[in-house]
Structure formats: C-alpha cells, structure tokens
Amino acid sequence: MKYKSVFDIIGPVMIGPSSSHTAGAARIGRVARTLFGKQPTKVVISLYGSFAQTYKGHGTDVALIGGILDFDTFDQRIPQSLDLAKKEGMDVTFVEEAAITDHPNTARIKMSDGLKEIEVVGISIGGGKIQITELNGFELNLSGMNPAILVVHNDRFGAIATVTNILMKHSINIGHMEVSRKERGEVALMAIEMDTNIEDDVIEELKTLPHIIQVTRMVE
C-alpha cells in the first residue's frame, strides 16, 4: 500500500501496544459506533486471524470496545473500556473464529439496542489505518479517515446521478465512491468519500431525493 507520510508508517498517537491491533481496532469500533448512531446495549465481536490469536495480549478487545464507547485512539480510558462498558449496561461477547479471511486482522461487529441492529466488518491494515469492508451484507471500502456519506437507496435508474448532482451543486469533490447491491433492482448502498465535511443542509437535501432511503454522515 502507499503511505503519504512517515506517520502512516509509525502510526497515530495512541494507547499501545500496537498500531494494528490497538489503534486500528479502536478506529474500527468507533466507525461501527458512528454507523450505528448511538451506544448499543449488546455487542458481539467475532475475531479472525491474528486478531483472534492475540487480541487479549495486544489490547484489541479493549480497543474495539473503547471505539464503540466513542473513545479516540489516544484516550486514556481505553484500557478500562471493558469495565466501563459493563458499568453502562453493555453486554459484550467476543468470539474467536477459526475461519480464514482475506485479511488476518479482521473483526465482525454486531450491535443492537433492542430496536435496531447493525453488522460491520472491518480490517486493520497497519499504521492505525483501517478499512470497513462490509455493512449489513453490503460490500464496501471505507477508510474511516476521510469525510464520507453512506447512502442507502432503491436500485433505480438515475439514483446515483441525483446524489452526485447535489454534491456538484455544492462544490463538494468526491475522492472515492463505490456502489454495492445485493440484488438487481432492490436496495443498494453508495459509499462516497469526500475532501471536505458535508454540511447539515446538504444532508437534508439528499434525504429528499427520489429513491433515497437513508443518508449517514461520517465526519473526519
């Protein structure tokens, strides 16, 4: 992979011991929390590869839960996150999976609060960098490092163009965009990473478009 600066190699400011297993895990958990929209009451985390083998010694478990509690990578509370989650009534379960995944540092996070649930798959690719590779069964490639929006929409002609036209009207430049669908003509997902944060009025305008079901903002 390409690195933009030395900080991409040595990793971010963080609670140790590992940029891949700790900082990356915290970011996966925090992105999952953002996608869920609030703190869940139940969390089931399936760990694969080296995550499953070393998660306790490398602090992957406390980092993932710290992220779900909305802690940043350098938050001093991360080592106590399991106890803090328990005090806040969060039911947490870790599952060590034997299945082989495409990347060794993979976590599947299922969160719920009794009213809704979400399933997120994330990988830690080194230096604290991550990729979200799946959301509720939709494939995507979301870095979590740039401002982004996730747009759930009906798979209809022109739906993508209406969204990109709104972004163009507000001079918002798209850095990366992917579209995923499970079945032709059913529900689809746009993942759009941008150069700048998107304002509330633009989000509300996107929500009024035909065939748009949900718009979620990911702030840098």
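**Close-up views of a predicted model**

**View 1. The aromatic pair.** Search this whole structure, which is a predicted model, and you come up with 1 aromatic pair. The two partners are Tyr55 and Phe94, and their rings are stacked, with 5.7 Å from centre to centre and 25° between the planes. Why those two numbers? A pair of aromatic rings is described by the distance of the centres and the angle of the planes. Tyr55 belongs to the loop between α3 (49-54) and α4 (60-68), while Phe94 is part of strand β2 (residues 91-96), so the pair ties together parts that are 39 residues apart in sequence. Buried or exposed: what is Tyr55? Tyr55 counts as buried because its relative accessibility is 6%, under the 20% cut-off. Phe94, at 22%, counts as partly exposed.

**View 2. Lysines over rings.** Here we look at two spots where a lysine meets a phenylalanine ring. In one of them, the charged end of Lys116 sits over the ring of Phe36, 4.8 Å from the ring's centre. In the other, Lys182 lies over the face of Phe138, and the distance to the ring centre is 4.7 Å.

View 3. Now zoom in on Asp155, in the loop between β7 (148-154) and α6 (159-169). With 19% relative accessibility, Asp155 counts as buried, because the cut-off is under 20%. What does the side chain of Asp155 reach at 2.8 Å? That would be the backbone nitrogen of Gly185. The side chain of Asp155 also has a polar contact of 2.6 Å with the side chain of Arg181. Setting aside residues up to four places away in sequence, Asp155 touches Arg181, Glu183, Arg184, Gly185, Glu186 and Ala188.

**View 4. Thr216 in its strand.** Our last stop is Thr216, which you'll find in strand β10 (residues 212-218). Its relative accessible area is 15%, so Thr216 is buried. If you leave out neighbours within four places in sequence, Thr216 is in contact with Thr34, Leu35, Ala148, Ile149 and Leu150. For a sense of scale, pick out Leu115 too: Thr216 and Leu115 are 101 residues apart in sequence and 18 Å apart in space, going from C-alpha to C-alpha.

Key. Residues numbered from 1 in each chain as written. Predicted model: local features only at pLDDT ≥ 70, side-chain atom pairs only at ≥ 80, totals over all residues. Heavy atoms only, no water. Helix = DSSP H or I, 4+ residues; strand = E, 2+ residues; numbered from the N terminus. Buried < 20%, exposed > 50% of the residue type's maximum accessible area, 1.4 Å probe, protein only. Polar contact = N/O pair within 3.5 Å; in protein donor to acceptor, adjacent residues only side chain to side chain. Contact = heavy atoms within 4.5 Å. Phe/Tyr/Trp six-rings, centres within 6.5 Å; stacked < 30°, edge-to-face > 60°. Lys NZ or Arg CZ within 6 Å of the ring centre and 35° of its normal.
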